[in-house]
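Here are a few notes to read alongside the model.

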Amino acid sequence: MNLPAAPAPEHSPLASLDEWEDFLKERYPEPAADSAATTTGFVATDPEKKKEEFRNYEADARPTVREFYRQNHRWQTHDFAQAKRNEFLTLNRREMGIWEAMEYLNQLVDDSDPDTDLSQLEHLLQTAEHIRSDGQPRWFVLAGLVHDLGKILCLWGEPQWAVVGDTFPTGCRFSDKIVFPQFFADNPDSRNPRYQSETGVYEPGCGLDQVQLSWGHDEYIYHVTKDYLPVEAQYMLRYHSFYPWHREGEYSHLTNQQDRDMLPWVQAFNPYDLYTKSHAKPDTQALRPFYEDLIAEYFPDKIRW
Ligand SMILES: [Fe+2]
Ligand SMILES: [Fe+2]
């Protein structure tokens with residue numbers, strides 16, 4: 001393998017991982033109530049949407065967010081994504097139950113204001129509660145509960161740009177619909193002709209399972225939980241940050257029939273993740289018994305991380 005120079009120990013630009021998600025909300029504003037996402041996940045076309053799309057969200061981005069994307073696009077190469085898979089998908093770091101992992105993740109303390117921001121555990125509970133309040137299936141609620149547990153990578157010394165950020169395929173041309181596409185100029189893969197054709201190292205229609213996305217918390221939590229969840233939930237976890245696909249409609253030439261069948265579920269999940277944060281703080285202790293039961297319905301006491 002032709003390994004790139006080891007990423008420099010760059011500083012962590014985001015005061016909180018929420019800064020990235022807050023930016024996504026700017027980039028993809030919540031649709032008006034009458035055009036809100038339906039349970040099939042499709043967002044009805046809204047004439048106002050046009051206006052939003054032409055907003056210059058990059059110019060408005062905080063410098064910290066801009067720097068975060070610069071690092072992400074610089075260092076997320078095909079070889080880097082492969083190396084991280086090899087490093088972390090052995091799942092031999094520890095054994096933890098789901099609730100235990102939620103508490104473990106909650107040690108992740110950001111420099112953000114604790115009075116206004118939700119903890120990681122609260123974000124998970126809130127997402128799950130919003131899904132539950134819409135009468136969605138129990139596995140869907142559970143997907144909401146676990147979807148960001150891959151952020152424990154941050155607790156193991158992984159830099160922000162290798163844990164969060166919109167994901168994208170490596171090993172083929174970077175779509176210009178990926179946020180801050182100009183930062184890919186510094187990615188060594190941009191100068192590799194093999195990686196910069198339309199399909200790159202992949203066969204057309206090969207299916208996303210064959211495509212190596214940039215490394216982050218989605219791919220990790222998918223592998224940790226995939227043996228226990230229905231395929232729809234697996235897609236929600238694995239691709240929830242793959243905005244170039246589920247929001248921009250890019251990379252369809254790499255998808256197969258299963259991906260296209262599952263896309264509406266990924267899209268159905270996205271609003272619960274992105275637009276739940278302003279709601280009231282959940283009562284963790286009151287909710288815990290319900291979620292312990294739900295976890296036990298699908299997962300053993302301990303799973304490998
Ligand atoms: Fe996430
Ligand atoms: Fe999330």
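1. First, a working definition: a residue is called buried if 20 or more other C-beta atoms lie within 10 Å of its own. Keep in mind that this is a predicted model.

2. For the overall picture, the protein has 13 helices and two strands. Of its 305 residues, 40% count as buried. Take the contacts between residues at least 6 apart in sequence: 79% of them join residues at least 24 apart.

3. Now have a look at helix α8, residues 138-146. Seven of its nine residues are buried, so the helix is largely enclosed by the rest of the structure. The buried ones are Phe140, Val141, Leu142, Ala143, Gly144, Leu145 and Val146.

4. What do the buried residues of α8 pack against? The list is α6 (98-105), α7 (120-133), α9 (217-225), α10 (231-239), α12 (257-274) and α13 (284-298).

5. Of those partners, α7 is worth a separate look. The axes of α7 and α8 come within 7 Å and cross at roughly 160°. Angles over 145 degrees count as roughly antiparallel, and the two helices are therefore roughly antiparallel to each other. Their crossing is right-handed.

6. Which residues make this contact? From α7 they are Leu124, Thr127, Ala128, Ile131 and Arg132, and from α8 they are Phe140, Val141, Gly144 and Leu145. Sorted by class, the contact of α7 with α8 has six nonpolar, two polar and one charged residues.

Technical notes: Residues numbered from 1 in each chain as written. Chains lettered and ligands numbered in written order. Predicted model: local features only at pLDDT ≥ 70, side-chain atom pairs only at ≥ 80, totals over all residues. Buried ≥ 20, exposed ≤ 12 C-beta atoms within 10 Å, placed from the backbone. Helix = DSSP H or I, 4+ residues; strand = E, 2+ residues; numbered from the N terminus. Contact = placed C-beta atoms within 7 Å. Axes fitted to C-alpha atoms, helices over the stretch in contact; angles between N-to-C directions. Parallel < 35°, antiparallel > 145°, perpendicular 65-115°, else oblique. Left-handed = near helix turned anticlockwise from the far one by under 90°. Nonpolar A, V, L, I, M, F, W, Y, C, P; charged D, E, K, R; others polar.
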